Each structure stands twice: as structure tokens, then as C-alpha cells.
Amino acid sequence: MRENDLERYIDKIKQMHAKITPQRIEILKIFLSNQEDHLTTEEIISRLSDSKTGQATVYRTLELFCQAGILKKVNFKNEDFARYDLLDLDSKHFHHHFICTQCEKVIEINEDLLEPIEEQIQKEHHLVITNHELIFRGICQDCQNKSDINE
Ligand SMILES: [Zn+2]
Ligand SMILES: [Zn+2]
Ligand SMILES: [Zn+2]
């Protein structure tokens, strides 16, 4: 996490004309220090220093962060609750994900090789593409190693 990252995300909240409360800062910091994770509301509540913070308060903050372009709701595994993913302020695209079909681990893929494909689709279909999301599925390294042992 870069030094001024927190400030830049706080600016996003300010742009929404929303209050910068200590609770909101704490929730933001939880995401910044767990960037690889896709946290649920419950997981965020369990990491807050004030255990009395209600679920409704946290939920409202997460909705605000989504509107501010800080978080994105994700649901890779057809779960009946939302997970939240931190958006990278420097990247034009939402990062990609790999999901292991054996252990369901989610790995973030930051390489973006799709610009030429976007250009081609835009040209052929006369569209303006503003974003894309991509999920790769397969077998993670740990599961590959496990199946080696079983052989
Ligand atoms: Zn992610
Ligand atoms: Zn796996
Ligand atoms: Zn991409």
C-alpha cells in the first residue's frame, strides 16, 4: 500500500459529500490491508475494533463505498451474501480473477491483455466498451501439487 493511497480513497468519499467518520476510515483501512481478499460484511465486522458496531452501519458504509467507486460487490461462488473487492484507483479496468474448481480459492489477476480484443470488438460491432470482467477457472498450484502426491 502506497503512502498516499488512504488519502486518495478518502477523497472518493468526500466527492460523495459523505462524512469521514473514524468508523469509515477503519473499514477503508481493513480493505487496504487485505487487498487480495474478498471480504464479507461479517468478516469486516469481526475485524473492527469496536465490536458493538452494528451490521446496518457497516452495510451502509459498504454501500456508500460501492457508490463512490471504492468497492465492488462480487459473487463468484453463487453465495447468498455479498463479498466486497477494493477497486484499484490507477487501473482503467476491474482486475481479473482465477477461481480454483477444486478448493474454490480466488486469486487476483492484475495482468490485463485484453485491450487489443476490446479494440477489435469495438470496431466490428460499433460499440464503445468501458470495462470488462473476466473469470478464469481451473486448478490452482496447491491443488496441482496435491494431485501429484495422490498419483
Ligand atoms: Zn478481486
Ligand atoms: Zn485449489
Ligand atoms: Zn481486464
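**Ground rules.** I work with a predicted model, where local features need pLDDT of at least 70, side-chain atom pairs count only at pLDDT 80 or more, and totals for chains, interfaces and linings use all residues. I number residues from 1 along each chain as its sequence is written, letter chains from A and number ligands from 1 in the order in which they are written, and take side-chain values from heavy atoms, leaving out hydrogens and water.

**Fold.** I looked up the secondary structure first. The protein chain has 6 helices and 6 strands. Helices (H or I, at least four residues) and strands (E, at least two) are DSSP runs, numbered from the N terminus. Along the sequence I read α-α-β-α-α-β-β-β-β-α-β-α. The C-alpha atoms fill a box of roughly 50 × 50 × 30 Å, taken along the principal axes.

**Domains.** I find domain 1 (1–89) and domain 2 (91–151), with bounds from an automatic or database domain assignment. Their C-alpha centres lie 23 Å apart. The contact (heavy atoms within 4.5 Å) takes 12 residues from domain 1 and 11 residues from domain 2.

How much area is buried between domain 1 and domain 2? I get about 970 Å², with 56% from carbon and sulfur atoms. Buried area is the accessible area (1.4 Å probe) that two parts lose on being put together, summed over both. In domain 1, K72, F76 and K77 lose the most area to domain 2, together 49% of what that side buries.

**Salt bridges.** I count a salt bridge when a side-chain nitrogen of Lys or Arg is within 4 Å of a carboxyl oxygen of Asp or Glu. The structure holds 7 salt bridges. Between domain 1 and domain 2 the count is 1. K72 and E133 pair through their side chains at 2.9 Å, N to O. I also looked up E63 and K73, which form a salt bridge at 3.0 Å, N to O. E63 lies in helix α4 (residues 55–67) and K73 in strand β2 (residues 71–74), so this pair ties together parts 10 residues apart in sequence.

**Largest pocket.** I note a volume of about 420 Å³. A pocket here is an open set of points on a 1 Å grid over the protein atoms alone, where a 1.4 Å probe fits, with protein on both sides within 12 Å along at least five of seven lines; lining residues have an atom within 4 Å of a point. Of the 23 lining residues, L87, D88, S91, H95 and N110 are the closest to the centre. Which element gives the most to the lining? I find α1, with 3 residues. The lining draws at least three residues from each of domain 1 and domain 2.

Conventions
Points joined across faces, edges and corners; volume = space filled by probe spheres on them.
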